[in-house]
Amino acid sequence: MAEKIIMLSDGRAPPPAIPARLDAPTGLLADALGRPLHDLRISVTDRCNFRCVYCMPKEVFDKDYAYLPHASLLSFEEITRIATLFVAHGVEKLRLTGGEPLLRKNLERLVGMLSALRTPSGRPLDITLTTNGSLLAKKAQSLKDAGLNRVTVSLDSLDDTTFKRMNDVDFAVADVLAGIDAAHAVGLGPIKINMVVKAGMNDQEIVPMARHFKGSPYILRFIEYMDVGASNGWNLAEVIPSAEVARRISAEMPLVPQQANYSGETAARWRYADGGGEIGLISSVTQAFCKDCSRARLSTEGKLYTCLFATRGHDLRALLREGRSDAEISAAIGALWQVRADRYSETRTINTSGIERGGKRVEMSYIGG
């Protein structure tokens with residue numbers, strides 16, 4: 001048997017340097033390419049109860065796989081402290097991810113702590129969560145009561161056989177749909193539903209998914225299969241371009257392109273010509289949107305990553321636990337963002353044939369989607 005090599009984390013790198021001058025945050029932080037800091041995605045666990053083939057394939061994440069010990073995870077208090085510093089730098093949206101975030105015990109308490117934060121102008125934050133939906137029916141009301149605004153649910157097929165082949169744990173479509181409906185009933189909306197499209201596995205479900213959710217309160221989004229991490233065996237031939245997704249749907253249910261809701265929105269918006277709602281197309285492979293990316297990512301154990309395809313993080317947990325002040329940590333965050341020049345998807349798109357796999361990028365289950 002070949003040795004399994006997977007880069008979950010990038011090891012315990014030294015903490016980021018503290019700048020000599022501790023500039024106070026202005027809320028207008030921009031990176032080296034002029035992109036603002038607007039979104040922070042927070043991974044609260046590296047565990048998941050699904051084994052999706054494009055994220056945590058069972059042959060890698062098996063029963064012997066060693067997850068992070070609890071002591072390595074950021075506490076809710078540490079997460080809230082870091083989030084507070086990011087908000088001072090301009091972050092207005094927090095997304096909780098994983099792994100599967102609803103596996104983190106007492107997550108509602110963290111939601112409550114984060115929902116109490118305010119922007120420098122006094123506005124509440126947009127607190128969202130991405131989930132596979134398996135525990136959503138049980139958790140929806142308590143999450144809403146704690147202050148969660150919205151949820152995004154991953155659902156890759158409506159066909160049980162296809163869906164179970166993709167999640168690889170025999171989880172039924174009906175249970176995810178029940179979670180979506182429960183979230184809608186308590187007001188966690190508008191709900192977005194993400195479908196990762198992989199050629200030869202679930203691309204036959206593109207039109208049935210669109211047909212099912214057309215006219216519903218939910219926004220269905222199709223995501224091009226991406227080369228995140230090193231464990232999913234990504235192959236360009238398995239990518240269905242978003243243009244092809246739009247063509248298939250529009251052939252039966254005509255689509256009309258729409259303007260973005262805001263700068264940096266990941267999904268290109270299309271509405272049904274007959275008024276039956278809208279879909280989104282996320283085209284990280286064929287139509288990179290790096291130029292507007294305003295997202296930072298905080299890993300489960302407290303590393304800051306400035307790109308989904310990063311090979312190296314910056315250890316904010318070390319700064320917290322060695323007793324650094326808010327002013328010092330804030331200045332370190334500002335200094336890191338100001339030199340950010342990541343644009344992996346653009347360079348990969350320009351020279352797709354030159355992709356270097358190498359097993360160096362961190363896994364999505366560790367950094368969050």
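Reply: A residue counts as buried under 20% relative accessible area, as exposed over 50%, and as partly exposed in between, with a 1.4 Å probe and protein chains only. By this definition, 54% of the 369 residues of the protein chain are buried. The model is a predicted one, in which local features need pLDDT of at least 70, side-chain atom pairs count only at pLDDT 80 or more, and totals for chains, interfaces and linings use all residues. Residues are numbered from 1 along each chain as its sequence is written, and side-chain values use heavy atoms, with hydrogens and water left out.

Me: What makes Asp203 and Arg248 a salt bridge?

Reply: The term requires a side-chain nitrogen of Lys or Arg within 4 Å of a carboxyl oxygen of Asp or Glu. The closest N and O atoms of Asp203 and Arg248 are 3.4 Å apart, so the pair qualifies under that definition. This pair links distant parts of the chain, 45 residues apart: Asp203 lies in the loop between strand E5 (192-197) and helix H6 (206-213), and Arg248 in helix H7 (residues 242-252). Helices (H or I, at least four residues) and strands (E, at least two) are DSSP runs, numbered from the N terminus.

Me: Why is Asp203 called buried?

Reply: Asp203 has 16% relative accessibility, which is under 20%, and therefore counts as buried.

Me: Which residues does Arg324 meet in salt bridges?

Reply: Arg324 meets Glu322 at 3.0 Å, N to O, and Glu328 at 3.2 Å, N to O. Elsewhere, a network of salt bridges links Asp31, Arg35, Arg340 and Asp342. The whole structure holds 23 salt bridges.

Me: How do you know that strand E9 pairs with E6 and with E8?

Reply: Two strands pair if DSSP finds at least two bridges between them. Strand E6 (residues 219-224) is joined to E9 by four bridges, and these strands run parallel. Strand E8 (residues 268-272) is also joined to E9 by four bridges, but here the strands run antiparallel. Both pairs therefore meet the definition. Arg221 has Gly280 in E9 as its bridge partner, while Trp270 has Ile279 in E9.

Me: Why is strand E9 called mostly covered?

Reply: Strand E9 (residues 278-282) has five residues, and four of them are buried, so it is described as mostly covered.

Me: What makes E7 and E12 edge strands?

Reply: The 12 strands form an open sheet with mixed pairing, in the order E7-E8-E9-E6-E5-E4-E3-E2-E1-E10-E11-E12. Strand E7 (255-257) and strand E12 (314-315) each pair on one side only, and are the edge strands. Helix H6 packs on this sheet, touching E5, E6 and E8. The direction of H6 makes about 160° with that of E6; axes are lines fitted to C-alpha atoms, for helices over the stretch in contact (heavy atoms within 4.5 Å), and angles run from 0 to 180 degrees between N-to-C directions.
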